[in-house]
Amino acid sequence: MMKKRFLRSFKRYIQHLKRDKLVSQNYIYLVTVVSKKFLEFNRLYFLDEVKAPKRTKSLPKSLNESEVKKTHQCL
């Protein structure tokens with residue numbers, strides 16, 4: 001019973017973060033992973049069935065002209 005209540009509360013909290021706080025997917029990922037690890041550390045396995053959402057991947061940043069020149073000079 002306690003596990004179900006905890007799980008329901010956690011899922012509501014994640015929905016609150018998504019809808020009301022408009023946090024990033026990476027933030028939700030970190031909250032989920034850290035919460036699961038904290039509970040596991042304390043031997044509480046309430047979030048076993050919760051999957052961490054996928055992390056968003058940012059595009060690689062491009063180099064500006066001076067950075068490209070510096071890179072070529074190093075070679």
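This is a predicted model: local features need pLDDT of at least 70, side-chain atom pairs count only at pLDDT 80 or more; totals for chains, interfaces and linings use all residues.

Reader: Let's start with E65 and K69: which helix do they lie in, and how many residues apart are they?

Author: E65 and K69 both lie in helix α3, 4 residues apart, which is about one turn of the helix. Helices here are DSSP runs of H or I with at least four residues, strands are E runs of at least two, and both are numbered from the N terminus. Residues are numbered from 1 along each chain as its sequence is written, and side-chain values use heavy atoms, with hydrogens and water left out.

Reader: Good to know. What do the side chains of E65 and K69 form?

Author: A salt bridge, with the closest N and O atoms 3.4 Å apart. The term means a side-chain nitrogen of Lys or Arg within 4 Å of a carboxyl oxygen of Asp or Glu.

Reader: And is E65 buried or exposed?

Author: E65 is exposed, because its relative accessible area is 59%. K69 has 49%, so K69 counts as partly exposed. The cut-offs are under 20% relative accessible area for buried, over 50% for exposed, and partly exposed in between, with a 1.4 Å probe and protein chains only.

Reader: How many salt bridges does the count come to?

Author: The count comes to 2. E40 and K37 make one of them, at 3.5 Å from N to O. Both E40 and K37 sit in helix α2, 3 residues apart, again about one turn of the helix. E40 is partly exposed at 29%, whereas K37 counts as exposed at 52%.

Reader: OK, switching to aromatics. How many aromatic pairs does a search of the whole structure find?

Author: It finds 1. The partners are F6 and F46: their ring centres are 5.0 Å apart and their planes are at 45°, so the pair is tilted. The pair links distant parts of the chain, since F6 is in helix α1 and F46 is in the loop between α2 (25-41) and α3 (65-74), 40 residues apart. For the rule itself, rings of Phe, Tyr and Trp (its six-membered ring) pair if their centres lie within 6.5 Å; planes under 30 degrees apart count as stacked, over 60 as edge-to-face and the rest as tilted.

Reader: What separates the C-alpha atoms of F6 and F46?

Author: 7.0 Å separates the C-alpha atoms of F6 and F46.

Reader: Is F46 buried or exposed?

Author: F46 is buried, because its relative accessible area is 13%. F6 has 31%, so F6 counts as partly exposed.

Reader: What about Y45, where is that found?

Author: Y45 is in the loop between α2 and α3, and is partly exposed at 42%. Y45 and K3 are 42 residues apart in sequence, yet their C-alpha atoms are 8.4 Å apart in space.

Reader: And F38, which helix has that one?

Author: F38 lies in helix α2. F38 is exposed, with a relative accessible area of 55%. From F38 to S24 it is 14 residues in sequence and 21 Å in space, C-alpha to C-alpha.

Reader: Back to charges. Which residues gather in a patch of positive charge on the surface?

Author: K4, R5, R8 and R12 gather there. A patch takes residues with over 30% relative accessible area and no salt bridge, joining like charges within 9 Å and nonpolar side chains (Val, Leu, Ile, Met, Phe, Trp, Tyr) within 5 Å. R8 itself is in helix α1, residues 2-19, and is partly exposed at 47%.

Reader: Last topic, backbone angles. What is phi of L22?

Author: Phi of L22 is near 55°, a positive value in a residue other than glycine. L22 is in the loop between α1 and α2, and counts as exposed at 66%. R43 also has a positive phi, near 60°, and is likewise a residue other than glycine.

Reader: Where is the place of R43?

Author: R43 is in the loop between α2 and α3. R43 is exposed, with a relative accessible area of 68%.

Notes:
Accessible areas come from the Shrake-Rupley method with a 1.4 Å probe; for residues, only the protein chains shown count as cover. Lys and Arg count as positive and Asp and Glu as negative; His and the chain ends are not counted. The place of a charge is taken as NZ of Lys, CZ of Arg, CG of Asp or CD of Glu.
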